[in-house]
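I opened the model today to look up a few positions. My notes follow.

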Amino acid sequence: MGKASRDKRDIYYRKAKEEGWRARSAFKLLQIDEEFNIFEGVKHVVDLCAAPGSWSQVLSRKLYLPAKLSADGRDSDLPLIVAIDLQPMAPIEGVIQVQGDITNARTAEVVIRHFDGCKADLVVCDGAPDVTGLHDMDEFVQSQLILAGLTIVSHVLKEGGKFIAKIFRGKDTSLLYCQLKLFFPVVTFAKPKSSRNSSIEAFAVCENYSPPEGFNEKDLHRLLEKVGSPSGVDDLDCSSGWLEGPNKVYIPFLACGDLSGYDSDRSYPLPKVADGTYQSLDPVQPPIAPPYKRALEMKKASSQGIRELEKLSLDS
């Protein structure tokens, strides 16, 4: 697909380049904030699986830059934003980058050091595995990534804090919902307008972090094996009747963003300049060290080797 063709078919991809976002996913976080007001009163934020950095950009523009530009803004009052990813990413003003594993407790210790011993008011995660196209498999792997994210959330998020994470909807979504309910009394699954209807993607908006009494972070995965009833009654196992059948729990699901705004599944005409042509913009910030870089280098070297062999055969 050519750049102009993609600009026409994906309005949020085009708008992201025009407004300086590194990826179209920035609009998803903005639309979640429009509905849930997740940035209110936030001073410490952690962005998990942050690369290439579009959500970190949103955090910087919505939290750090307004505080920096305010008349009484002092360095000690500026919001602190920590972005974590295994891959490096280009710098963003007001964002501290940590290259590490979100499932490692040492990464949590690094975050808390950056916060001077304080904990985060908000943790966001837009991470996702490489999809296979097998929805059941993709849903399972994504849910495991979220539960891995809970490892660091349980260490760095303060009580009363919020956690936003990407999910893939499927037949076992109720299980993930009830696992999240162990730690957050209010859990809503939201679908931003900028997320395509054809995608199984949605976002878990978890509010008011309240871990179980006597909770030890080391017991996280053992605790998740037994899922508590959403009404807070007794602990039941994963085959409980309220996960399936007539007593199945139904998950709050909300469409967010301006519902009369741009449709992510629709094509829009390209804007014309004075001479009647359209100039496609380059991406704001290409990945600086993508995991597929080595594969591209090998493919390029292989192609060059084939051309050299063909040239030799022609010369002979």
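I call a residue buried under 20% relative accessible area, exposed over 50%, and partly exposed in between, with a 1.4 Å probe and protein chains only. By that rule Lys 166 is buried, because its relative accessibility is 10%.

The model is predicted, so I note that local features need pLDDT of at least 70, side-chain atom pairs count only at pLDDT 80 or more, and totals for chains, interfaces and linings use all residues. Numbering runs from 1 along each chain as its sequence is written, and side-chain values use heavy atoms, without hydrogens and water.

Lys 166 sits in strand β5, residues 157-168 (strands are DSSP E runs of at least two residues, helices H or I runs of at least four, numbered from the N terminus). Which side chain makes a polar contact with Lys 166? I found Asp 126, at 3.4 Å (N or O atoms within 3.5 Å, one able to donate a hydrogen and the other to accept it; residues adjacent in sequence count only if both atoms are side-chain atoms). Beyond four places in sequence, Lys 166 also touches others, including Gln 142, Ile 146 and Glu 201 (contact means heavy atoms within 4.5 Å).

**Thr 107.** I placed Thr 107 in helix α5, residues 105-114. Thr 107 is buried because its relative accessible area is 7%. Leaving aside neighbours within four places, I found Thr 107 in contact with Ile 84, Val 98, Gly 100, Asp 101 and Ile 152.

**Met 137.** I located Met 137 in helix α6, residues 135-156. Met 137 is partly exposed, at 43% relative accessible area.
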